[in-house]
Amino acid sequence: MTQEVKEIFGGASGSTPPAALTAKVRTLAPSMTRSMQRVAETVAADPAGCAALTVTGLAERTGTSEATVVRTARILGYPGYRDLRLALAGLAAQQQSGRAPALTTDIAVDDPIADVVAKLAYDEQQTLADTAAGLDTVQLGAAVTALAAARRTDIYGVGASGLVAQDLAQKLLRIGLIAHAHSDPHLAVTNAVQLKAGDVAVAITHSGSTGDVIEPLRVAFERGATTVAVTGRPDGPVTQYADHILTTSTARESELRPAAMSSRTSQLLVVDCLFIGVAQRTYEQAAPALSASYEALAHRHRR
């Protein structure tokens with residue numbers, strides 16, 4: 001894990017709030033070693049029990065070493081194990097204050113449709129909460145500043161992420177900004193070549209390793225544009241060409257709910273945050289533009 005990734009998630013200089021711990025585990029676990037995953041998943045599953053353990057006790061419970069426990073604590077955003085224990089105690093207190101027990105969201109082939117609705121609704125809610133808890137508002141603010149001042153914004157995404165890219169482009173266009181979404185990799189690169197300082201390029205990729213998205217972002221980065229990555233993997237290849245990284249929740253996927261579905265929810269939340277932030281920064285321009293677009297389309301909604 002790079003120093004940049006540590007800083008995004010609090011690093012040794014800060015402390016992860018108790019409410020964000022579970023979100024951090026979900027997001028960072030895929031990039032951890034197996035032994036570190038055991039530690040992270042154990043503390044997230046039983047914060048009260050783990051809060052009562054010494055570093056030696058947690059190492060014995062997870063079948064790892066004390067050094068692994070300490071490294072896991074630091075990657076999760078705590079200066080040391082003592083700070084992690086305090087956060088676990090706080091998380092346990094929150095859970096014991098009346099919050100409803102977690103709902104199992106795995107969807108079976110023979111689930112009644114009412115259960116499918118309940119499980120999907122719960123999972124969407126959890127995905128949004130995890131994304132909000134893990135979103136770095138400093139990085140978000142910097143991305144908003146760049147978008148608000150951009151001469152032009154290019155947005156790259158393929159598949160389900162391409163739909164999110166289109167959503168962001170449409171939102172920016174409605175407040176009078178120049179924005180284009182590209183899902184064709186050839187067009188994305190040929191457009192990226194035209195970018196320069198003062199422009200912004202946004203890459204949306206859940207895996208962080210989609211080549212058709214990374215390539216145009218690399219070109220934009222090398223041309224001097226400000227680059228933003230919206231990804232579920234803050235240690236993924238896309239981030240090496242990103243000036244600002246906005247992390248989305250890595251929700252669990254299943255046979256009937258692939259990553260393309262679960263990731264879109266968190267990506268759309270980040271897009272909405274970007275849009276509202278830009279609209280606030282450019283309100284004098286954005287408000288009339290929004291009014292004009294509503295007026296232009298009003299007759300299409302009349303019967």
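Mentor: Start with helix α3 (residues 34–45) and helix α6 (residues 66–75): their axes come within 9 Å and cross at roughly 70°. Axes are lines fitted to C-alpha atoms, for helices over the stretch in contact, and angles run from 0 to 180 degrees between N-to-C directions. Helices are DSSP runs (H or I, at least four residues), numbered from the N terminus. So α3 is roughly perpendicular to α6 (65 to 115 degrees). This is a predicted model: local features need pLDDT of at least 70, side-chain atom pairs count only at pLDDT 80 or more, and totals for chains, interfaces and linings use all residues. Residues are numbered from 1 along each chain as its sequence is written, and side-chain values use heavy atoms, with hydrogens and water left out.

Trainee: Which residues of α3 and α6 make the contact?

Mentor: From α3, Ser35, Met36, Val39 and Ala40; from α6, Thr68, Val69, Arg71, Thr72 and Ile75. Contact means heavy atoms within 4.5 Å.

Trainee: What about α2 and α8? At what angle do they cross?

Mentor: Roughly 95°, with the axes of α2 (residues 21–28) and α8 (residues 113–134) coming within 8 Å. That makes α2 roughly perpendicular to α8. Ala23, Lys24 and Arg26 of α2 meet Gln126, Asp130, Ala133 and Gly134 of α8.

Trainee: New topic. Where is Lys171, and what does it touch?

Mentor: Lys171 sits in helix α10 (residues 160–174). Leaving out residues up to four places away in sequence, Lys171 touches Val271, Asp272 and Phe275. The side chains of Lys171 and Asp167 are joined by a polar contact of 2.7 Å. That term means a pair of N or O atoms within 3.5 Å; within protein, one must be able to donate a hydrogen and the other to accept it, and residues adjacent in sequence count only if both atoms are side-chain atoms.

Trainee: What is the mean pLDDT of the chain?

Mentor: It is 85, and 84% of the residues reach 70 or more. pLDDT is the predictor's confidence in each residue, from 0 to 100. Over residues 1–14 the pLDDT is below 50.

Definitions and conventions: Helices (H or I, at least four residues) and strands (E, at least two) are DSSP runs, numbered from the N terminus. Angles under 35 degrees count as roughly parallel, over 145 as roughly antiparallel, 65 to 115 as roughly perpendicular and the rest as oblique.
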